[in-house]
Amino acid sequence: MNVCLKICGDLLDAVRADLHRPHSFAHERVGFLLAAAASDGQGGIMLLVRGYQTVADDDYEWHPSVGAQIGSNAMRKAAQASYRPPSAILHVHTHGGRGRPGFSRVDLDSAASFVPGFAETAPRMPHGLLVLSNDSVHGLLWAGPDRPAFPINSFKRISAPIRADWSDK
Amino acid sequence: MSWLDRQSFLGPDSDQVLQDLTVGLVGLGGGNSHVVQQLAHLGVGGFVLVDDDVISETNLNRLVGGTLEDVLEARPKTEIAKRMVLSVNPKARIAFHQAKWQEVAEHLRACDIIIGGVDRIIAKSELEAFCRRFLIPYIDMGMDVHRLGDAENFLVAGQVVLSSPGTPCLRCLGVVTDNALTDEAAQYGDAGGKPQVVWPNGILASTAVGLLVQLFTPWHGKPVRSAYFAYDANEGTLVSSDRLRRRAGVACHHFPDTAVGDPQFDIRLLFDNSPADCEEVAASAQNSPVGWIARFAIWLRQKLSSR
């Protein structure tokens, strides 16, 4: 299934700026994109980003094995934001650098834990996981908690110029 | 050597970017008949062509590509546009719909950009609203002939507007107004054919194509996502309108950022529980432990059911 994720350039810039802010003990910041959805008329899905939910400094917790993680408060806020209007939640963080980023085992394990929760709040919507680099992006989407993930295979940054790879150049 | 070599200044990857583009053209009369021709020459690869009308004799003064034979055959404007594209680029991907755009709107959702060649103000307004909902940049073209006083003098004028998500819309810029909509509604069915000629359409269409190109394969460092060009055929001028400058830094409140997508969307309706569907999805998953578990579950289910 084709999945296209579209975001306005200004919002993407704001997301990147937020994720690059240093935190007192978390090496990587995370956030949540909130997206509307629609069929693309060709059997695929379009996700249209309508907002971004930052994670407050206090909502990071120290974790002995991974260093830091976001706590239940951050998840609750994201789920609340996705409730009305119903929105897809895309957990997003950045690995920096250039080129197509990949997910770590920790990223994928955490998705397995939060996707069912989000699906419970907004069952009509798919939910997913994104990782950014400074000029690219990679994403997975779940159509439901008991369904396998599938890749988001098209990204469009709506700005000037319009870019298909979420780069800013 | 490629047929697009002479436009390589559009960027090293411009051939591919243009080839990958899908442009929606709504209304294939005077304005968009020029646009579709130019896009074909540029090497744009994908088209969604929409117009419910067939060519008539009074279209021949301006519909580029239309012939007397087309009139005699009452050929749909979509077919004429398709023929025009394929005569330049036989590999183009073309979907065409002889229908009102609202009836085939779903087929326009995946377009990278939509260019409207629609006369009525209400049509401009509705088409722009559709584009905003699916984060699609919209280029509107409009041309009018106005009588100057009682004399046999006329003003030929028009505008081209690039309306992207987050930028001033046609209402912000005064192209769509309540008064214009009211006047238009009052004249409905009584307006007759509006005066139209070929050369202003050509200028407006070329301007629209230039805006599209700078958006996807910019040839300079300052591409714009919002533009308003006003054309005065009497003065022979095409200028960036003050209306846009006056809106600089002012947010559009007609289309909130949150008003996107399909409010009725339900992902669960896209999937039935057939193993084939699950298999297809599972096969496309990459590097996902959840995907591996699902594939294993499908394999196990198939093994058990084959016993």
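Let us begin with the sheet in chain A, which is open and has eight strands in the order S9-S8-S7-S6-S2-S3-S1-S10, with mixed pairing. The edge strands are S9, residues 149–151, and S10, residues 154–158, and each of them pairs on one side only. From one strand to the next, the twist averages 30°. Please keep in mind that this is a predicted model.

For those new to the subject, strands of a sheet pair through backbone hydrogen bonds, either parallel or antiparallel. How does S8 of chain A run relative to S9(A), and how many bridges join them? Strand S8, residues 137–142, is antiparallel to S9(A), and three bridges join the two. Within this pair, A:Leu141 stands opposite A:Phe150 of S9(A).

I turn now to the helices on this sheet. Helix H3 of chain A, residues 105–121, packs on the sheet and touches S6, S7 (127–132) and S8 of chain A. The direction of H3 makes about 145° with that of S7(A). Helix H2 of chain A, residues 72–81, lies across S2 (30–39), S3 (45–54) and S6 (88–94) of chain A. Helix H2 runs at about 130° to S3(A).

Finally, let us consider one residue of chain B. B:Ala251 lies in the loop between helix H8 (242–246) and helix H9 (275–284) of chain B. Is B:Ala251 buried or partly exposed? B:Ala251 counts as partly exposed because it has 13 C-beta neighbours inside 10 Å, whereas a buried residue needs 20 or more. In sequence, B:Ala251 and B:Thr167 are 84 residues apart, yet in space their C-alpha atoms are 7.1 Å apart.

Conventions:
Residues numbered from 1 in each chain as written. Chains lettered and ligands numbered in written order. Predicted model: local features only at pLDDT ≥ 70, side-chain atom pairs only at ≥ 80, totals over all residues. Pairing = 2+ DSSP bridges. Helix = DSSP H or I, 4+ residues; strand = E, 2+ residues; numbered from the N terminus. Axes fitted to C-alpha atoms, helices over the stretch in contact; angles between N-to-C directions. Contact = placed C-beta atoms within 7 Å. Buried ≥ 20, exposed ≤ 12 C-beta atoms within 10 Å, placed from the backbone.
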